[in-house]
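Work through the two exercises below with the sequence and the coordinates open beside you. Try each task before you read its solution.

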Protein chains: 2
Amino acid sequence: MLAANTSILSQDESMARILITSGPTRQYLDPVRYLTNASSGRMGAALATAAIALGHEVTIISGPVAVTYPSAATLVPVISTEDMLAASQEHFATADGVIGAAAPCDYRPRRVEDHKIAKTGESLSLQLEETPDVIATLGGIKSPQQWVVGFALETDDARFKAITKLEKKRCDFIVLNGPAAIDAEATSVEILDKTGTVLAEITGSKAKVAEGILAEIQSRLIGE
Amino acid sequence: MLAANTSILSQDESMARILITSGPTRQYLDPVRYLTNASSGRMGAALATAAIALGHEVTIISGPVAVTYPSAATLVPVISTEDMLAASQEHFATADGVIGAAAPCDYRPRRVEDHKIAKTGESLSLQLEETPDVIATLGGIKSPQQWVVGFALETDDARFKAITKLEKKRCDFIVLNGPAAIDAEATSVEILDKTGTVLAEITGSKAKVAEGILAEIQSRLIGE
């Protein structure tokens with residue numbers, strides 16, 4: 001009995017509840033047009049598969065994508081960045097950590113029209129404001145036991161900007177990649193920690209990169 | 001020999017070369033963010049299937065979609081509205097008619113940034129200008145033998161706006177639908193001709209609606 005109980009306890013202790021944000025979000029201008037990006041959700045799906053393979057419990061908060069997520073994960077579909085933030089805050093409350101693989105649309109029109117904007121032949125001035133930052137919000141409310149892994153997609157001064165984001169969003173790690181990663185099969189990333197140290201450089205399929213990211217999380221954040 | 005030739009000729013005469021524009025297009029602000037809409041390409045795929053079933057030769061000019069088009073169609077993938085216009089003009093030159101089922105992004109940023117726009121905490125003023133109208137351009141250059149069928153997606157004053165579009169774009173028919181049609185399995189449309197007459201009202205799956213649209217094109221535009 002004791003042995004059996006110990007075994008169950010040790011299983012429970014090694015099992016983490018991992019929240020993964022994935023895919024793009026949309027910010028509508030009117031009932032038809034929206035701002036977005038080409039995030040496919042493939043990295044989120046690969047991370048979920050890798051986390052499940054390690055025995056973790058996974059919840060995915062995903063914007064609209066065509067990718068198929070592993071059926072063992074709990075899927076929470078959302079449309080806008082505000083939806084993603086609300087769902088993430090709710091599910092982060094009972095999670096051990098979050099991996100922010102989503103590319104939430106970070107600007108929204110200040111005004112959203114009820115009717116489709118009619119073309120007039122004239123140019124249109126669109127006032128955009130920043131949307132709330134999902135990972136920075138979670139970084140700001142995390143308990144000392146919770147961990148946050150962010151992603152940074154940068155086109156120039158990449159490593160410097162990634163470290164700045166890590167600090168601003170209070171991440172434990174940040175995964176740096178380039179725009180070539182979006183909607184691609186393969187990718188190349190660097191995993192940086194709070195000191196700016198490159199923990200790992202991984203190039204390959206999104207599955208391989210996801211396994212590498214999970215290995216770092218497993219040994220340095222869950223296994224501590 | 002004479003009978004055989006006659007048969008071949010009559011087959012050629014009943015076979016039309018149909019160009020179909022399908023899916024959304026994207027207009028990028030910077031290397032990551034873009035304006036678009038949720039068009040899935042499903043109506044374009046259904047129209048292609050219906051046209052091929054009637055023995056026609058089909059070329060599809062499609063923006064980025066997850067839908068699978070019939071393999072018997074020639075597929076020309078594009079990203080932006082300018083790409084779609086260029087490909088459509090090229091292929092329309094040898095087509096008997098075009099069905100404009102795409103939802104090209106009709107505004108583009110006046111300025112496209114080379115680097116990802118960095119968030120500053122401040123709002124962003126985006127100047128948008130209209131993109132060229134693909135179907136209006138084809139309507140303007142069509143020969144008396146060619147036909148043009150447009151689509152109108154309207155949220156209010158729908159029939160009036162559809163007729164106005166038909167005239168402006170020099171379409172033979174216009175297919176009127178509502179925003180509920182976007183990225184949906186089923187739809188409900190009205191087919192209007194130049195006199196404003198409702199030729200057909202069709203509700204059902206996109207396959208059924210596509211067959212109904214092709215039946216009208218077959219009897220009134222190809223069969224003339």
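Helices (H or I, at least four residues) and strands (E, at least two) are DSSP runs, numbered from the N terminus. The model is predicted, so local features need pLDDT of at least 70 and side-chain atom pairs count only at pLDDT 80 or more, whereas totals for chains, interfaces and linings use all residues. Residues are numbered from 1 along each chain as its sequence is written, chains are lettered from A in the order in which they are written, and side-chain values use heavy atoms, with hydrogens and water left out.

**Exercise 1.** Determine which residues of helix α5 of chain A are buried, and what covers them.

Solution. Begin with accessibility (buried: under 20% relative accessible area; exposed: over 50%; 1.4 Å probe, protein chains only). Within residues 158-168, Ala162(A), Ile163(A) and Leu166(A) are buried. Seen down the axis of α5(A), these buried residues fall within an arc of 100 degrees (taken from the directions from the axis to the C-beta atoms), so they line one face of the helix. The face turned away from that side carries the exposed Phe160(A), Glu167(A) and Lys168(A). By contact (heavy atoms within 4.5 Å), the cover of the buried residues includes β9 (147-153), β10 (173-177) and β11 (186-193) of chain A. Just after α5(A), Arg170(A) takes a positive phi of about 50 degrees.

**Exercise 2.** Work out how strand β6 of chain B (residues 97-100) is covered on its faces.

Solution. In a regular strand the side chains alternate between the two faces of the sheet. Gly97(B) and Ile99(B) are buried on one side of β6(B), and Val98(B) and Gly100(B) are buried on the other.
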